[in-house]
Amino acid sequence: MIEARHLRVLRTVAATGSFSAAARELGCTQPAVSQQMKALEASAGTPLIVRTGRETRLTEAGEVLVRHATGILAGLTAAEEEMAAIAGLRAGRVRLVSFPSGSSTLVPTALAALRAAHPGTRVSLVEAEPPASAVMLREGDCDVALAFRYGGSAAEWDDLVVRPLLVDRLVGVVPEGHRLAGAGAGTGTVGSDGAGAGTVAIGELADEPWIAGCPRCRKQLVDACEESGFTPRIDFATDDYPAVIGLVAAGLGVAMLPELALEAVRPRGVRTLTVEPSVHREIVALTLPDLAKVPAVAATLDQLVLAAAR
């Protein structure tokens, strides 16, 4: 295998005309230059330099290698400089995938802070719900995945680096004129402590038509309802949270939405309820173990953690 350090020595010998002059140029001894040239010729499998007295000249193979060495070494220098820029966060790229409510709440804050701290780092964003986002990460289609999970599914991410961000409570959403609307916290989101809001057993909504979300959220809704003794009648299913709010406000059903999702929409015409038994989802940032060591990826994860803490 031809090594870059040997190519540098060969190019210097060709430029200076002798081993001794090359040694002075490189700041080493003449025997060291001679030794590296022997190693290079062994790798090449053919003589590269002919020594005639105190001078040297290149063989035909040597001339070919010197001609290519210039481009090779220039490319290596450029690569070294680019890697140094990435390591120093003066450059770099992070491909982020997020579920919609994370994209509209956590991601903007995190990426704005990342850009302010490291303007040379570029971040791209696409949306996908888990578990598809974790699949994208494992298949190399992204570097960081913002995802969520409900209880009992911890093993699905055993091979990934998991950065916990926050625990997101689900709240009931009913039309303003609903019989249980008086138990809610008003037209805004429910406070983190449920202050001012009565608690409604999910079983009290057993006879209502439901609007469900993504497949993972839909399964969690069905599980929560069945644990309370009924199977929800799901009339509508949509991943679009404004559409859920619109359907509920129109009196077409009730829903359970994450508080994080309600931060991203205007909950007009609806009331929120604190529902028991409580349902929570864990919001996390995922990456691969090797990617976690990449400075731009590590910085993105850190900013997501800070954004979730605000």
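## Backbone details, a helix pair and the cysteines

Pro-131 sits in the loop between β4 (122–127) and α6 (132–138), where helices (H or I, at least four residues) and strands (E, at least two) are DSSP runs numbered from the N terminus. This is a predicted model, in which local features need pLDDT of at least 70, side-chain atom pairs count only at pLDDT 80 or more, and totals for chains, interfaces and linings use all residues. Residues are numbered from 1 along each chain as its sequence is written, and side-chain values use heavy atoms, leaving out hydrogens and water.

| Cis peptide bond | Omega |
|---|---|
| Pro-130 to Pro-131 | about 10 degrees |
| Glu-276 to Pro-277 | near 0 degrees |

Pro-277 belongs to the loop between β11 (270–276) and β12 (280–287).

Most residues other than glycine have a negative phi. Leu-89, not a glycine, has a positive phi of about 60 degrees. Its place is the loop between α4 (60–87) and β3 (93–98). Leu-89 is buried, with a relative accessible area of 14% (buried means under 20%, exposed over 50%, partly exposed in between; 1.4 Å probe, protein chains only).

Now to the cysteines. The structure holds 0 disulfides (a disulfide being a pair of cysteine sulfur atoms within 2.5 Å). For Cys-142, the nearest cysteine sulfur is that of Cys-214, 17 Å away. Cys-142 is buried at 2% relative accessible area, while Cys-28 is partly exposed at 31% relative accessibility.
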